[in-house]
Amino acid sequence: MRLPCLLAAMFALAACHDQANGGGAGVRDQITAVGSSTVYPFTTIIAERFVAADPDAKAPVIESTGTGAGMKLFCAGIGAGHPDLEDASRRMKASEYRDCAAHGAAELLEIQIGIDGIAFAESKRGPHMALTSVDIYRALAAHPGGKPNAARTWADVNPALPTIPIQVYGPPATSGTRDALAELILAKGCDAVEPGAPALAARDPEAHRLFCTRVREDGAYIDAGENDNLIVQKLQANPDALGVFGYSYLEENRQTVDGVTINGVKPTYDAIAADRYPGSRPLYIYAKKAHLDAIPGLRAFLRLYADNWGKDGPLVRRGLIASPEAIQARSRAIIAREITLDPASLPS
């Protein structure tokens, strides 16, 4: 009787260390995270504090892959061969959750870590632009008015704007920042000027997305990859251009770039926290519940995040906007009680 019990215990222990039988991927004793370039610096700070608090802990591996690409990696399975955490600059989509569930990762913790703003920025030597969501839609949409975008200068978009070429450096299609640009700026600009667009959104959201948020590919919008610091460098080299990235990068580079006013509001901490700035958006991390028992320190890592996301904490000093107290309390409860995500609440 003792031998079968001993074997059963050994198998249970092996399954735990291989994150719920991770397809023979072996064992891992360090935390891994993928995802958003916007959330990356915040998770990196937590990783540094995690190691500082426990010198015996292995340094977490944090990769900046973009939210969309990170979701594909995160949802590919459970086990040692798959990431524990997903940094996300938007909510998980229902289709991404279905992919996770199909690969055994149905139990997820969705934790809002704070707020960010997608900021339009320019060099301090730039033209001092002030734009509206309609201006941005007319400048960057692939087919404003149902026709290929022919605007070459900002004055073509709005005669009150300068006669300089439209050049906007921004993130790729796999980025959560690009998704936020589409949802928070382009779609709203489209709805304001395109007859029938709001009705189309209610009737056929996918058709609305294709009509309103496809970005032109003729050189006016320049895909700068997931390296937001590269966009800052591009603005220094080309002062007539604009860049799109998370508020934290604007805050970090205040000496060289300025935020562009959108709809009369500058991207500032207070404006984003109050949801007055058009590009305000929540930031998240997702964790696999199956990995909490298997990866040493993963629970402590999540608790450390909660200890540092307050208004006076190091993440805010790095550029995060602190969530309202009620959201912080809910996020702490999700971590403490390991409350799993309700997929019915996810956007399509």
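Me: Why is the disulfide of Cys-75 and Cys-100 called left-handed?

Reply: The torsion about its S-S bond is about -75°, so the disulfide is left-handed. Keep in mind that this is a predicted model: local features need pLDDT of at least 70, side-chain atom pairs count only at pLDDT 80 or more, and totals for chains, interfaces and linings use all residues. Residues are numbered from 1 along each chain as its sequence is written, and side-chain values use heavy atoms, with hydrogens and water left out.

Me: What makes Cys-75 and Cys-100 a disulfide?

Reply: Their sulfur atoms are 2.0 Å apart. A disulfide is a pair of cysteine sulfur atoms within 2.5 Å, so Cys-75 and Cys-100 form one. Cys-75 lies in the loop between α3 (67-74) and β3 (85-88), and Cys-100 in helix α4 (residues 94-102), so the pair ties together parts 25 residues apart in sequence. Helices (H or I, at least four residues) and strands (E, at least two) are DSSP runs, numbered from the N terminus.

Me: How do you know whether Cys-75 is buried or exposed?

Reply: Its relative accessible area is 0%. Buried means under 20%, exposed over 50%, partly exposed in between (1.4 Å probe, protein chains only). So Cys-75 is buried. Cys-100, also at 0%, counts as buried.

Me: What is the handedness of the disulfide of Cys-190 and Cys-212, and why?

Reply: The torsion about the S-S bond is about -50°, so this disulfide is left-handed. Cys-190 lies in helix α7 (residues 176-193) and Cys-212 in helix α9 (residues 205-213), so the pair ties together parts 22 residues apart in sequence.

Me: Why are α7 and α9 called roughly perpendicular?

Reply: They pack at about 85°, with axes 9 Å apart. Axes are lines fitted to C-alpha atoms, for helices over the stretch in contact, and angles run from 0 to 180 degrees between N-to-C directions. Angles under 35 degrees count as roughly parallel, over 145 as roughly antiparallel, 65 to 115 as roughly perpendicular and the rest as oblique. Therefore α7 and α9 are roughly perpendicular. Contact (heavy atoms within 4.5 Å) involves residues including Leu-186 and Cys-190 of α7 and Phe-211 and Cys-212 of α9.

Me: Why does Ser-175 count as buried?

Reply: Its relative accessibility is 2%, so Ser-175 counts as buried. Ser-175 sits in the loop between β6 (168-170) and α7. Leaving aside neighbours within four places in sequence, Ser-175 is in contact with Thr-67 and Glu-226.
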